[in-house]
Amino acid sequence: MVPAPEGYLAGVRALCDRTGAAFVLDEIQSGIGRTGQWFAHQEEGVRPDVLTLAKGLGGGLPIGACVGFGRFADAFQKGDHGSTFGGNPVACAAALAVIDTIETEGLLAHTKVMGDLLAEQIEGIDHPLLSGQRGSGLWRALVLTGPHAAHVQEQAAVRGFLVNAVAPDAIRLAPPLVITPEQIGVFIEALPTILDAAEAAATKEQQS
Ligand SMILES: *Cc1c(COP(=O)(O)O)cnc(C)c1O
């Protein structure tokens, strides 16, 4: 959950253009609407040569995809990548349904609005364990003032929220793109209690 610094991706693009290297972007987590755009790199106005996708693409069914553009579009020929279930119709139908649903239910715009709402409400929380946040759309990290992420993850789970301690001091929030303002409200209401409980657990750990 570390956003690329301003101009970083454009710099990589320029470097690849100059040297002929392939610009491969892994959007397995960030793609398929997670940031409020189909792909996170669209926010930067750059285009990769190869894009990897999975996770959200299947909406729960296992699928991965490797997409090539320009001279990389036909780099993979039939038979180059042997896979028993690669391209199987069930997983592909699921991916098509996901893409269709995001489009017809306006989930990109919804993700942007819900992401802004989530960020705004996190901003309003004043807690000694919370130092800030980063990310975009519904792909965010709570930044903690110390290495207490494991405690926060645990205390959130106890209260029914599945979040991920992606770094000792960072908690990833990646809720479903169909989340409602009410559901965000429930989480925000519980967050100070979760942070209190994590702080208590950390203090107890230090004392023992
Ligand atoms: C999950 C993940 C992968 C691995 O994807 P698989 O489909 O399990 O191989 C690769 N990159 C990122 C960023 C991921 O989040």
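Let's start with Lys55, in the loop between E2 and strand E3, residues 65–68. Keep in mind that this is a predicted model. Lys55 has a positive phi of about 40°, and it is not a glycine. Most residues other than glycine have a negative phi. Is Lys55 buried or exposed? Exposed, with a relative accessible area of 55%.

Next, Ile32. Its phi is also positive, near 55°, and again this is not a glycine. Ile32 sits in the loop between strand E1, 24–26, and strand E2, 50–53. Here the accessibility is 7%, so Ile32 counts as buried, the cut-off being under 20%.

Twelve residues from domain 1 and 13 residues from domain 2 make the contact.

How much area is buried between domain 1 and domain 2? About 1,000 Å², with carbon and sulfur atoms giving 58% of it. Look at Gln29, Arg34 and Ile102 on the domain 1 side. These three supply 52% of the area that domain 1 buries against domain 2, more than any other three residues.

What about polar links? Five residue pairs are in polar contact between domain 1 and domain 2, both residues at pLDDT 80 or more. Salt bridges across this interface: zero by the rule. By class, the domain 1 side that touches domain 2 has seven polar, three nonpolar and two charged residues.

Definitions and conventions
Residues are numbered from 1 along each chain as its sequence is written. This is a predicted model: local features need pLDDT of at least 70, side-chain atom pairs count only at pLDDT 80 or more; totals for chains, interfaces and linings use all residues. Side-chain values use heavy atoms; hydrogens and water are left out. Contact means heavy atoms within 4.5 Å. Buried area is the accessible area (1.4 Å probe) that two parts lose on being put together, summed over both. A salt bridge is a side-chain nitrogen of Lys or Arg within 4 Å of a carboxyl oxygen of Asp or Glu. A polar contact is a pair of N or O atoms within 3.5 Å; within protein, one must be able to donate a hydrogen and the other to accept it, and residues adjacent in sequence count only if both atoms are side-chain atoms. Ala, Val, Leu, Ile, Met, Phe, Trp, Tyr, Cys and Pro count as nonpolar, Asp, Glu, Lys and Arg as charged, and the others, Gly among them, as polar. Helices (H or I, at least four residues) and strands (E, at least two) are DSSP runs, numbered from the N terminus. Buried means under 20% relative accessible area, exposed over 50%, partly exposed in between (1.4 Å probe, protein chains only).
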